Amino acid sequence: MTAPIAVALDAPDLETAARWATLVTPHVSTVKVGLELYLRYGPDVVASVRGASRVQVFLDLKLHDIPATVRGAARAVARLKPSYLTVHAAGGPAMIRAAVEAVPATRIAAVTVLTSLSEADLTALGLAGPAPDAVRRLAALAVEAGAQALVCSPQEAAAVRTEVGPDITLITPGVRPAGSANQDQARVATPEDALAAGADLLVIGRPITAAPDPGAAAAAIAAALRKSAGTT
Ligand code: C5P
């Protein structure tokens with residue numbers, strides 16, 4: 001069994017992304033393709049990172065537009081068969097529902113409040129805070145509109161889980177194994193703590209991809225998770 005980890009393939013070029021994917025797929029369930037890689041190389045990037053493997057693809061395009069446009073965009077990527085596709089919850093219930101209906105075989109994952117936004121930013125945007133309240137509000141709205149997954153920080157996972165119940169997939173970035181550098185992530189949790197807080201899928205990038213051996217780094221985190229879950 002592979003670990004519930006989505007490796008963020010934030011690579012400078014397609015060859016590097018494909019190489020990282022090949023190295024980590026024996027150990028993790030999912031690889032994440034972000035906006036930069038997708039816009040630079042187009043939809044073919046998905047086939048390149050998938051290779052001959054059965055790894056799940058998380059297409060992190062964070063769609064946010066009027067419902068008809070998001071419906072069309074979601075339909076356009078449906079043939080790539082991503083397991084997850086992100087949209088911004090702030091696009092509203094009709095937009096979220098349009099995405100859900102457009103790609104029935106894909107889990108629509110709603111992004112609540114970007115973790116890059118400060119409380120002052122929320123006020124300037126006119127979004128009633130504090131941030132944890134806005135996250136819970138947008139999470140409930142997204143699930144009501146049919147989203148099957150939510151992206152939130154590990155610190156928010158327990159509160160969001162209480163809000164939306166057991167059936168929603170909670171996806172958490174900001175995960176750092178004990179002892180690894182935080183880089184630009186401010187509020188981090190270890191993989192074990194993120195799972196204990198209720199996360200279902202951990203987004204991990206640089207602790208794996210910047211390691212001398214990304215395959216070994218992924219294997220080590222996967223082993224630590226199995227150990228903490230008591231399955232080894
Ligand atoms: O390298 P690192 O583990 O920080 O990568 C995290 C990934 O998760 C990146 O692709 C980043 O864009 C994404 N992400 C994040 N924080 C969020 C949402 C997404 O770091 N709140």
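**Note on the ligand site and selected local features**

1. The residues of the shell around the ligand divide into five nonpolar, three polar and four charged, where Ala, Val, Leu, Ile, Met, Phe, Trp, Tyr, Cys and Pro count as nonpolar, Asp, Glu, Lys and Arg as charged, and the others, Gly among them, as polar. This is a predicted model, in which local features need pLDDT of at least 70 and side-chain atom pairs count only at pLDDT 80 or more, while totals for chains, interfaces and linings use all residues. Residues are numbered from 1 along each chain as its sequence is written, and side-chain values use heavy atoms, with hydrogens and water left out.

2. Around the ligand stand Ala8, Asp10, Lys32, Thr115, Pro173, Arg176, Gln185, Val203, Ile204, Gly205, Arg206 and Pro207, a residue being near a molecule if one of its heavy atoms lies within 4 Å of it. Strand 8 (201-204) and helix 10 (206-209) each supply at least two residues of this shell; helices (H or I, at least four residues) and strands (E, at least two) are DSSP runs, numbered from the N terminus.

3. Asp10 places a polar side-chain atom 2.7 Å from an oxygen atom of the ligand, and a polar side-chain atom of Arg176 likewise lies 2.7 Å from an oxygen atom of the ligand. From Gly205 it is a backbone N or O atom that lies 2.7 Å from an oxygen atom of the ligand. The protein covers 80% of the 460 Å² of accessible area that the ligand has on its own, by the Shrake-Rupley method with a 1.4 Å probe.

4. A search of the whole structure finds five salt bridges, each a side-chain nitrogen of Lys or Arg within 4 Å of a carboxyl oxygen of Asp or Glu. Glu36 forms one with Arg40, the closest N and O atoms being 3.3 Å apart, and both residues lie in helix 2 (residues 35-41), four residues apart, about one turn of the helix.

5. Two backbone details deserve a look. The peptide bond from Gly129 to Pro130 is cis, with omega near -5°, and Pro130 lies in the loop between helix 6 (119-125) and helix 7 (131-144). Lys62, in strand 3 (residues 56-63), has a positive phi of about 40° although it is not a glycine.

Technical notes: Polar contact = N/O pair within 3.5 Å; in protein donor to acceptor, adjacent residues only side chain to side chain.
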